[in-house]
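Please open the model in a viewer and keep the selection panel at hand.

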2 protein chains.
Amino acid sequence: MQVRSKIWVEVGGEPVFGRGRRFLLEAIDKHGSITRAAREINISYRRAWSYINAMEERLGIGLVERHTGGKNGGGAVLTDEARRFLEKYALLEEGVRELVDEKFKNIFTGERDV
Amino acid sequence: MQVRSKIWVEVGGEPVFGRGRRFLLEAIDKHGSITRAAREINISYRRAWSYINAMEERLGIGLVERHTGGKNGGGAVLTDEARRFLEKYALLEEGVRELVDEKFKNIFTGERDV
């Protein structure tokens, strides 16, 4: 018997940020490109943009800077604020997983199949 | 900005118990009847039974005792083991919510709109 957990962030009762959005921003950071990030997580470029816009609007912070042109044909980079947010969110996800496991063990110890 | 969380219990990688099953067992406890419990949470009697059977099998504990006949036409009661399991699960859910809120505040304090 194992416990599983899921977390997400809401603003005004609306989901704004969770594991999927985390993967999107991390993929942008890795590839330096929204097109390649969208491809990696199997969504369209259009959808990636709409996710980014919604997050920026609801969180009230700029997350992705577009660079057009240049010898590499432009690209996208995360803002410092996006990096700080991602770091905190990763800390939160990992911390929560540990806390949930610990709490589960404390409460269910002695239960069959634990 | 608020954090939300969800937990559930798995056995062998398969979901076995979560908020919905908790409500089902609590409704059986309240009504003393699977029929009325199923009605309250808007599922069929047949589905309620299949949920109960699956939980009993996967958790390896008896959860619901049927009583047939008698002047009240029979009914269903939770076993002591089911009550103990429910108590622990409720403790876990509430404990996790508090821990997640606390962890969120610790990590995100200073973030805009917190």
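Select A:Asn42 to begin: this residue counts as exposed, because it has 7 C-beta neighbours inside 10 Å. The term follows from a count of other C-beta atoms, placed from the backbone, within 10 Å of the residue's own: 20 or more make it buried, 12 or fewer exposed, and values in between partly exposed. The model is a predicted one, in which local features need pLDDT of at least 70 and side-chain atom pairs count only at pLDDT 80 or more, while totals for chains, interfaces and linings use all residues. Residues are numbered from 1 along each chain as its sequence is written, and chains are lettered from A and ligands numbered from 1 in the order in which they are written.

Colour the backbone around A:Asn42 by secondary structure. The residue sits in the loop between α2 (34-40) and α3 (45-59) of chain A; helices (H or I, at least four residues) and strands (E, at least two) are DSSP runs, numbered from the N terminus. Although A:Asn42 is not a glycine, its phi is positive, about 65°.

Now select helix α4 of chain A, residues 80-108. How far apart are its end C-alpha atoms? They are 42 Å apart, which agrees with the 42 Å that its 29 residues should span at 1.5 Å a residue; the expected span is 1.5 Å times one less than the number of residues. Buried positions in α4(A) include A:Ala82, A:Phe85, A:Val96 and A:Phe104.

Centre on A:Tyr89, which belongs to the helix α4 of chain A. This residue is buried, with 23 other C-beta atoms within 10 Å. Leaving aside residues up to four places away in sequence, A:Tyr89 touches A:Phe17 and A:Arg22; contact is taken as C-beta atoms, placed from the backbone, within 7 Å. A C-alpha to C-alpha distance drawn from A:Tyr89 to A:Ala76 gives 21 Å, for a separation of 13 residues in sequence.

Next, display the strands of both chains. Four of them form an open antiparallel sheet in the order β2(A)-β1(A)-β1(B)-β2(B); two strands pair if DSSP finds at least two bridges between them. The edges are held by β2 (14-17) of chain A and β2 (14-17) of chain B, each with a single partner strand, so one side of each is left without a neighbour in the sheet. On average, neighbouring strands are turned by 60° against each other, direction ignored; axes are lines fitted to C-alpha atoms, for helices over the stretch in contact, and angles otherwise run from 0 to 180 degrees between N-to-C directions.

Zoom in on the pairing between the chains. Strand β1 (residues 2-11) of chain A is joined to β1(B) by nine bridges, and the two run antiparallel. Which residue of β1(B) is the bridge partner of A:Lys6? The partner is B:Lys6. Elsewhere along these strands, A:Ser5 stands opposite B:Ile7, and A:Glu10 stands opposite B:Gln2.

Within chain B, β1(B) and β2(B) pair in the antiparallel sense over three bridges, with B:Val9 opposite B:Phe17. These strands form a hairpin with two residues between them, and B:Gly12 in the turn has a positive phi of about 60°.

Finally, show the interface as a whole. In it, 26 residues of chain B are in contact with 26 residues of chain A. On the side of chain B that touches chain A, β1 (2-11) and α4 (80-108) each supply at least two residues, and the largest share, eleven residues, comes from α4(B). That side divides into 15 nonpolar (Ala, Val, Leu, Ile, Met, Phe, Trp, Tyr, Cys and Pro), seven charged (Asp, Glu, Lys and Arg) and four polar residues (the others, Gly among them). The copies meet through the same surface, because 100% of the interface residues of chain B are also interface residues in chain A.

Definitions and conventions: Two residues are in contact if their C-beta atoms, placed from the backbone, lie within 7 Å.
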